[in-house]
Amino acid sequence: MASISVFDVLGPNMIGPSSSHTAGASSIAYLAQKMAGGSIKKVVFTLYGSFAKTYHGHGTDKALLGGILGFKTDDKRIRDSFRIAEDRKVDFKFLTNEVETDVHPNTVDIHIETEDARVLDVRGESIGGGKCRIVRIDNVPVDFSGEYSAAIIVQKDMPGVIKHIAGALSDRNINIAFMRLFREGKHERAYTIVETDSSLPEELKDAIMQNKYVEDVMLVQI
Amino acid sequence: MDFKKAEELLEICESKGMTISEVMKRREIDQFETTEDEIIYKMQQAWKIMKESAQTPTKNAVKSMGGLIGGEAKKLNEHRIKGKNIVGGVVSKAITYAMAVLEVNASMGLIVASPTAGSSGVVPGVLLALQEEYKISDDRVIDGLFNAGAIGYLAMQNATVAGAVGGCQAEVGVASAMAASAAVELMGGTPRQCTYAASTVLMNMLGLICDPVLGLVEYPCQNRNAAGAANALTAAEMSLAGITQMIPLDEMIDCMYNVGRRLSVDFRETAKGGCAVTPSACALCKGCK
């Protein structure tokens with residue numbers, strides 16, 4: 001894993017009160033809105049474990065909604081995210097699920113609907129110190145941190161797709177830090193997650209889309 | 001340049017004649033392929049946020065989200081200004097600022113997790129108090145933050161700074177060890193004296209549990225940040241006076257981790273033990289599950 005930086009110790013710079021319940025929560029939602037890409041019309045948050053029990057007192061709800069609005073962990077607008085969401089006509093709702101307990105104690109499911117009719121379901125875990133992981137996209141278990149720029153490719157599980165993706169990155173001289181494939185089943189829908197050392201140009205999306213088995217490409221820039 | 005243990009850090013310091021902050025800066029530049037200007041700039045930004053969060057509530061009290069705290073820093077500040085403080089300027093200011101940061105944190109204000117949000121008052125509290133009382137420049141305080149960062153890094157690398165894993169000793173305990181070490185460097189102590197101070201703090205706060213009332217980062221967290229700041233200054237004073245410690249920092253970090261993992265989960269941020277289950281705390285709660 002990545003080495004620990006002095007700014008992991010003295011950081012993140014964040015809106016309080018809790019690195020796991022506030023900063024980590026806003027980071028999950030921030031990643032989710034980046035993945036959704038377009039303008040968000042509706043969002044439903046389902047909170048589990050400790051999130052479900054203490055979300056109000058920790059401002060987890062404001063932080064999650066702030067992340068959806070594109071606010072980073074140190075953005076003071078997080079405090080007013082309910083009002084700003086209403087101004088921007090984003091329909092939002094918070095649900096709790098205290099029945100399912102076999103999840104990480106700080107877990108949230110985020111259901112997003114965009115103006116251009118895209119629907120995305122993301123599950124994130126806040127794993128402490130403001131760090132988080134995305135562990136599910138739609139119904140497929142995945143794993144990435146959001147600490148690197150990432151391309152998330154939705155594809156049919158067929159030969160040659162990975163070669164195509166790697167080629168598109170290589171053509172642009174982009175170094176891959178981590179790359180993983182998750183699939184629903186053989187020849188079914190799959191997700192390739194590529195985390196890279198440098199930022200990803202928008203046109204990379206079109207280049208990867210050239211392959212006939214690729215259904216969608218989401219770019220998450222850091 | 002890299003190190004994983006305090007003893008390795010001290011070897012580098014002593015063989016190259018460097019301070020802990022210098023080694024930590026060099027490590028950051030080497031490990032993350034960045035520049036000195038870049039890391040200094042980032043640390044200046046952090047220090048700016050720390051100062052603001054330590055000062056604002058001394059003038060304007062803010063009520064926390066959960067309603068358990070608010071106004072403590074202002075009371076302490078006024079008490080000191082009236083000349084009624086009994087602990088001297090540095091300690092009085094350090095505990096005031098430490099409580100102030102927690103007030104900002106609990107009201108959804110901007111803070112720097114150091115190393116966590118729940119323990120974010122100790123490092124700025126101690127450093128700002130020293131800066132004001134001894135007229136230390138911002139540049140020197142930035143060095144102090146790199147020194148503190150080195151101690152926090154060792155705790156993260158070899159143990160934990162999460163209350164859910166190691167209790168309050170891992171959060172406020174480590175924050176106080178960081179502050180103690182930084183204080184020693186700023187006041188002219190040697191790298192080894194810095195680690196003696198850090199080791200002393202971990203020893204003195206060993207076993208401290210994480211038992212937040214209502215599960216919120218408010219109470220007793222804010223009190224403990226003040227206590228941590230005072231603990232840090234106590235340990236720094238001892239070390240600067242030439243008192244050595246028979247248990248080195250690496251062993252105290254392992255010891256803290258070992259104790260932390262053996263704490264019942266009731267005492268690790270679950271609000272199921274300690275202060276959180278006292279009759280007065282329970283009276284505030286809408287009902288246990």
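The legends below describe close-up views of a predicted model. Local features require pLDDT of at least 70 and side-chain atom pairs count only at pLDDT 80 or more, whereas totals for chains, interfaces and linings use all residues. Residues are numbered from 1 along each chain as its sequence is written, chains are lettered from A in the order in which they are written, and side-chain values use heavy atoms, with hydrogens and water left out.

**View 1. The second largest pocket, lined by residues of chain B.** This pocket (an open set of points on a 1 Å grid over the protein atoms alone, where a 1.4 Å probe fits, with protein on both sides within 12 Å along at least five of seven lines; lining residues have an atom within 4 Å of a point) has a volume of about 210 Å³, the volume being the space filled by probe spheres set on the points. Helices H5 (89–106), H6 (122–134) and H11 (221–240) of chain B each supply at least two lining residues, and H11(B) gives the most, with 5; helices here are DSSP runs (H or I) of at least four residues, and strands (E) are runs of at least two. The lining comprises 9 nonpolar, 1 polar and 1 charged residues, and includes Tyr134(B), Met187(B) and Glu237(B).

**View 2. Helix H10 (residues 191–204) of chain B and its surroundings.** The 14 residues of H10(B) reach 20 Å from first C-alpha to last, close to the 20 Å expected at 1.5 Å a residue (1.5 Å times one less than the number of residues). Of these 14 residues, 11 are buried (under 20% relative accessible area with a 1.4 Å probe, protein chains only; exposed is over 50%, and partly exposed lies in between), among them Cys194(B), Tyr196(B) and Leu202(B). What covers the buried residues includes H1 (6–16), H7 (138–158) and H12 (249–262) of chain B.

**View 3. The salt bridge between Asp157(A) and Arg183(A).** The closest N and O atoms of the pair are 2.7 Å apart (a salt bridge is a side-chain nitrogen of Lys or Arg within 4 Å of a carboxyl oxygen of Asp or Glu). Asp157(A) lies in the loop between strand E8 (149–156) and helix H6 (161–171) of chain A, and Arg183(A) in strand E9 (residues 176–183), 26 residues apart. Asp157(A) is buried at 11% relative accessible area, whereas Arg183(A) is partly exposed at 45%.

**View 4. The salt bridge between Glu203(A) and Arg172(A).** Here the closest N and O atoms are 2.9 Å apart. Glu203(A) lies in helix H7 (residues 203–209) and Arg172(A) in the loop between H6 and E9 of chain A, so the pair ties together parts 31 residues apart in sequence.

Terms used. Nonpolar A, V, L, I, M, F, W, Y, C, P; charged D, E, K, R; others polar. Contact = heavy atoms within 4.5 Å.
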